[in-house]
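Dear colleague,

Please find below the structure that I am handing over to you.

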Amino acid sequence: ASENVLMTLDAAVKQIYADFAATATAPGTYFHYGSTHMRIAARMAERATQKSWEQIFTEQFRDPLGWSSGSIFSGGGPNPNPAGGLKCTGLEYTRFLMMQLRDGLDGSQVFLPQPLITTQRTDGYGPATTLAYSPYVAMTGKTYHYALGNWLETAGGGAPAAGDPVLRYSSTGTFGWAPWVAADRAYAGIIMTLQAQGNTLPSERLKAQLDPLVRTALAQHPPVVRVVP
């Protein structure tokens, strides 16, 4: 019901509550990958600002980043999909990635405070969290942890640890878009890979193949700063 574009975002969130409240476990008990939390967060933002999600996106994100008016959350109507409905150009998204790479700076302006960037990338698992479902486990056997809207990719494929630090903060999508930011801030990238819906293996393989090539190129050539803030 939460994907029903004819209902309002408020109604969708209330339906999510009705569907899951009776069987919900204590916070931090389980991790089950999904997107309902993004829709709930969007509605919380609406209540906090007394504005629609479209207004919030336009005023606090699209316009400050200089994106075009054609950059929208498509297909949502009164019930947008904040987790997977964004429509923008590759160059526009690159500007967003550069802001993430520079710890919140867009050009010389602070778009996001650095502590918020840190919060985004902080492991969302608690000491007693059990992994109930992850697409990475299903396809690759890797048990990456999840932060706030991004995966914490480690060399060993498991939980972040002193001996297995995070290599990339990533958010591979079901339709083939795969953005990531190198944890050492060497670079950020985004690729689009033709793949069946839900099968992100092509994106993951291409990303893994490109990473050492990009790093070799960076080592051989001085960094180039383009006119992408």
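In which order do the 5 strands of the open sheet lie? The order is S7-S8-S9-S10-S11, with antiparallel pairing; helices (H or I, at least four residues) and strands (E, at least two) are DSSP runs, numbered from the N terminus, and two strands pair if DSSP finds at least two bridges between them. Strands S7 (145-146) and S11 (188-192) stand at the edges with a single partner strand each, so one side of each has no neighbour in the sheet.

The model is predicted, so local features need pLDDT of at least 70 and side-chain atom pairs count only at pLDDT 80 or more, while totals for chains, interfaces and linings use all residues. Residues are numbered from 1 along each chain as its sequence is written, and side-chain values use heavy atoms, with hydrogens and water left out.

The chain as a whole

The chain contains 7 helices and 11 strands. Its radius of gyration, 18 Å, is close to the 17 Å that the globule rule gives for 229 residues, so the chain is as compact as a globular protein of that length. This radius is taken over C-alpha atoms, and the rule is 2.2 Å times the number of residues to the power 0.38. Along the principal axes, the C-alpha atoms fill a box of roughly 55 × 40 × 35 Å.

Of the 229 residues, 35% count as buried (under 20% relative accessible area, with exposed over 50% and partly exposed in between; 1.4 Å probe, protein chains only). Among the contacts (heavy atoms within 4.5 Å) with a separation of 6 or more, 47% are between residues 24 or more positions apart.

The sheet

Strand S8 (residues 151-154) is joined to S9 by 4 bridges, and S9 (residues 166-170) to S10 (residues 177-182) by 3 bridges; both pairs run antiparallel. Arg 168 in S9 is the bridge partner of Glu 153, and the partner of Arg 168 in S10 is Ala 182. Tyr 169 stands opposite Val 181 in S10. The hairpin of S9 and S10 has 6 residues between the strands, and Gly 176 takes a positive phi near 115° there.

Arg 121

Arg 121 lies in the loop between helix H5 (114-120) and strand S6 (130-133). Is Arg 121 buried or exposed? With 15% relative accessibility, Arg 121 counts as buried. Not counting residues up to four places away in sequence, Arg 121 touches several residues, including Gln 100, Asp 103, Asn 150, Tyr 169 and Val 181.

Helix H3

Thr 58 belongs to helix H3 (residues 53-62) and is buried, at a relative accessible area of 15%. Apart from neighbours within four places in sequence, Thr 58 is in contact with Asp 63 and Pro 64. The buried residues of H3 are Trp 53, Ile 56, Phe 57, Thr 58 and Arg 62. Their cover includes helix H1 (9-20), helix H2 (36-49), strand S2 (72-73) and strand S3 (86-87).

With kind regards
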